[in-house]
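Here are my notes on the model you sent. Please read them with the structure open.

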Amino acid sequence: MAETEGAEGVTGPSGERKPVTRLTRAELLEGVVNGLPGSDQGGFLRSAFPGLVATTFRSTLIVMPMGQRSPPRMSDIEHVIVVLEGAFLFQVDGVKYRVEELDQLFVPVGVQWEYQNAALAQSTFLAIVGP
């Protein structure tokens with residue numbers, strides 16, 4: 001479980017102490033979710049690793065093997081995508097965007113979007129979503 005430090009927290013804007021939370025790599029990897037929508041069909045294999053949760057956002061690490069993609073979906077929350085490894089081809093409301101290592105993509109609310117691994121190896125991105 002993520003470690004929360006109360007005494008060594010940070011001071012918020014109104015002077016209150018807020019805890020600092022650290023999620024280790026081992027803790028992140030223990031929380032794997034493989035039953036993502038559509039993943040029971042061939043070509044849609046991917047894994048999600050839920051990360052930290054704050055009051056206005058949360059993070060999730062998405063790992064996708066070569067040749068896989070997500071099913072299309074409507075975005076009901078804002079997403080900031082940061083590619084950490086490999087490359088992805090995102091399609092947002094019919095427009096394609098190639099997003100490579102350390103590139104970022106913003107996906108707004110109310111758009112149809114999907115993504116596929118565009119590399120010849122496993123690809124990984126961090127999704128920061130909210131509120």
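Predicted model: local features only at pLDDT ≥ 70, side-chain atom pairs only at ≥ 80, totals over all residues.

1. Start with Ser 47. The residue belongs to strand S3, which covers residues 47-53. Its relative accessible area is 16%, so Ser 47 counts as buried, the limit being under 20%.

2. What does the side chain of Ser 47 make a polar contact with? The partner is the side chain of Asn 34, at 2.6 Å. Beyond its neighbours within four places in sequence, Ser 47 is in contact with Val 32, Val 33, Asn 34, Leu 36, Leu 61, Ile 62 and Val 63.

3. Now the rings. The whole structure holds eight aromatic pairs. One of them joins Phe 88 and Phe 90. Their centres are 6.0 Å apart, with 50° between the planes, and the pair is tilted. Phe 88 and Phe 90 are both buried.

4. Phe 88 also pairs with Tyr 115. Here the centres lie 6.1 Å apart and the planes stand at 80°, so this pair is edge-to-face. Phe 88 sits in strand S7 (residues 87-92) and Tyr 115 in strand S10 (residues 112-117), so the pair ties together parts 27 residues apart in sequence. Tyr 115 is buried, as is Phe 88.

5. Look at the cluster as a unit. Ring pairs link Phe 88, Phe 90, Trp 113, Tyr 115 and Phe 125. Which residue lies over the face of Trp 113? Arg 73 does, at 5.1 Å from the ring centre.

Note on methods
Residues numbered from 1 in each chain as written. Heavy atoms only, no water. Helix = DSSP H or I, 4+ residues; strand = E, 2+ residues; numbered from the N terminus. Buried < 20%, exposed > 50% of the residue type's maximum accessible area, 1.4 Å probe, protein only. Polar contact = N/O pair within 3.5 Å; in protein donor to acceptor, adjacent residues only side chain to side chain. Contact = heavy atoms within 4.5 Å. Phe/Tyr/Trp six-rings, centres within 6.5 Å; stacked < 30°, edge-to-face > 60°. Lys NZ or Arg CZ within 6 Å of the ring centre and 35° of its normal.
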